[in-house]
Amino acid sequence: MKGAWYERPAVVMLMVVVLIGAVWSALSSALGFSSFPSPLAALRELPHLLLDPAALWAIAQSLGRMFVGYAWGLVFAIPIGLAMGRSRSVHDFLFPLVSLIYPMPKAALMPILMLWFGLGSFSKIFVIAMGVSLPMLYHSCLGASRIEGKLVWAAQAMGMGPVARLFRVVLPAALPEILIGCRVGVVMALIVMVSSEMIARQEGVGNLLFTSMDMAQYSSVYAVILVLAVMGVALDWVFERVRRHLTRWSESAVERKLY
Amino acid sequence: MIQIEQLGKTFQTARGTSHTAIRDISLEVPAGQFVSILGPSGCGKSTLLYMVGGFEQASSGRILVNGREVRDPGPDRGPVFQEYALFPWKTVLGNVAYGLREQGVARSEAEARAMRWLEKVKLKDYAHFYPRELSGGMRQRAAIARTLAYEPKILLMDEPFGALDAHTRLTLQAELLSLWEQLQNTVLFVTHSVDEAVYLSDRVVVLTGTPGTVREIVDIDLPRPRVRADLLRSSAYQEYIIQLEKLLVASEAHA
């Protein structure tokens, strides 16, 4: 499906970015607030930010915590979700707990976690892991409960035990659905990462943002926001490639090409 | 040898009432026999097969396979489902080698043996395709190869050709028959098609409606190897068809 040049995703993306920039620029000059600089001012601030070792270190630390928290989420949430999707009793036992935690803003736990585990990385990683876990768990459970039951029978007839079936039949069969949860998890990880750093202000991108804010360096604030936005888009893009590769066997792999 | 003794199955429905799917079925299948279970839809014939497979538990009575009571699924009883149930994330080769890998056969050996099975079901050129890339008939060939590969003594086939078009169905019936004539497994074959049952089987067990129970067992005394074109002309074959059709109509009226 080859369309005209202006239908290409990259071109559309660029046009949208230019449009947002134009609106932003117009609003900023019309309003004239010092806390609403033009996009060019924010862009001019970018090189300072990206050449500042302290700022880069802050970004690296944030990303590091995000990945560790995300990995913890994967390791715990997916097996629990799969078990919930396959076993009535596991589901009934854990469901009340999960439905309590799901809608709770995870950042609200930060003060308690800080009290327990201090201001260091652990409490932030913990809260990120919680934030990413619930969409992963929910979609793993959904995926596991919807798989073709006869796949499990076929594996049973080969002599495969229950734990092996969970990881070698239920997990791959539910993978397309699990990865939807994991993709939501990427976004959650970013949100919780920044908000945890705004609450426990010691280091990281969130801290960078608020420090610039305190010092009324509004162009830097917007530059940090730009960096965060680009990080989000980049992570999601990478994730989508990985997802498509992992589910290339699936019937729905073709339909789900979002971009 | 499969011995089914006074088997019964009662389900609890969502509304809390109980529904009897199968009542008092007794049946013996000697080793190496091809037995079809024929009945109208909803007579519990698939349920019976699933219980022999160990996928569902009996409510009363018991099933013995070579003298041992069936409690769980096991590699001595290989299922083939109407829905194929191939592992979609594995290639055809990966699917067929899966059971062997599960039994601890090394990868290269498992794949070599899987390849020989794929040759037998004429899928050698499709070894590296994913199931979704195959037609229904090819998927069912792959599923049959996957089950045969781990060499179950007993094949449990649940309307395996039910979802296929008429032509593919005839081709696969003939292929199954010639494979079975070489392998001589015990086969329990669920179908609602009279001519399929007569063409393939040594014996046909006719079940009546709800709850399902044995109405009649008919021995199909036709010489093998069977060729469908010749059978169609034989009066013995026609007699069997007529007899079984009458039994089916009667059992439908019964239901």
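A residue is called buried if 20 or more other C-beta atoms lie within 10 Å of its own. Keep that cut-off in mind, because Tyr84(B), with 25 other C-beta atoms within 10 Å, is buried by it. The structure you are looking at is a predicted model.

**Chain A as a whole**

- The C-alpha trace of chain A spans about 70 × 55 × 30 Å along its principal axes.
- Of the 259 residues in chain A, 37% are buried.
- Take the contacts in chain A between residues at least 6 apart in sequence: 74% of these join residues at least 24 apart.

**Two helices that meet in chain A**

- Two packed helices are described by the angle between their axes and the distance between the axes.
- For helix 3 (residues 53-86) and helix 4 (residues 88-101) of chain A, the axes come within 6 Å and cross at roughly 120°.
- That angle makes helix 3 of chain A oblique to helix 4 of chain A.
- The crossing of helix 3 and helix 4 of chain A is left-handed.
- Which residues meet here? On the helix 3 side of chain A they are Ile80(A), Ala83(A) and Met84(A), and on the helix 4 side they are Val90(A), His91(A) and Leu94(A).
- Sorted by class, this contact of helix 3 with helix 4 of chain A has five nonpolar residues, one polar residue and no charged residues.

**Where chain A touches chain B**

- In the contact between the chains, 14 residues of chain A meet 21 residues of chain B.
- Helix 7 (residues 149-157) of chain A gives the largest share of the chain A side, with six residues.
- The residues on that side of chain A divide into eight nonpolar, three polar and three charged.

**A sheet in chain B**

- Four strands of chain B form an open sheet in the order 2-1-4-5, and their pairing is antiparallel.
- Strand 2 (18-29) and strand 5 (68-69) of chain B stand at the edges, and each has a single partner strand, so one side of each has no neighbour in the sheet.
- Strand 4 (residues 60-65) and strand 5 of chain B run antiparallel and are joined by two bridges.
- To find this pairing on screen, look for Leu64(B), which stands opposite Glu69(B) in strand 5 of chain B.

**Backbone details in chain B**

- What is the phi of Tyr84(B)? The angle is near 70°, a positive value in a residue other than glycine.
- Tyr84(B) sits in the loop between strand 6 (77-81) and helix 2 (92-102) of chain B.
- Ala85(B) also has a positive phi, of about 50°, although Ala85(B) is not a glycine.
- Ala85(B) lies in the loop between strand 6 and helix 2 of chain B.
- Is Ala85(B) buried or exposed? Ala85(B) counts as buried, because it has 23 C-beta neighbours inside 10 Å.
- Elsewhere in chain B, the peptide bond from Arg224(B) to Pro225(B) is cis, with omega near -10°.
- Pro225(B) is found in the loop between strand 10 (214-219) and helix 7 (228-233) of chain B.

Key. Residues are numbered from 1 along each chain as its sequence is written. Chains are lettered from A and ligands numbered from 1 in the order in which they are written. This is a predicted model: local features need pLDDT of at least 70, side-chain atom pairs count only at pLDDT 80 or more; totals for chains, interfaces and linings use all residues. A residue is buried if 20 or more other C-beta atoms lie within 10 Å of its own, exposed if 12 or fewer, and partly exposed in between; C-beta atoms are placed from the backbone. Two residues are in contact if their C-beta atoms, placed from the backbone, lie within 7 Å. Axes are lines fitted to C-alpha atoms, for helices over the stretch in contact, and angles run from 0 to 180 degrees between N-to-C directions. Angles under 35 degrees count as roughly parallel, over 145 as roughly antiparallel, 65 to 115 as roughly perpendicular and the rest as oblique. A crossing is left-handed if the near helix is turned anticlockwise from the far one by less than a right angle, and right-handed if clockwise. Ala, Val, Leu, Ile, Met, Phe, Trp, Tyr, Cys and Pro count as nonpolar, Asp, Glu, Lys and Arg as charged, and the others, Gly among them, as polar. Two strands pair if DSSP finds at least two bridges between them.
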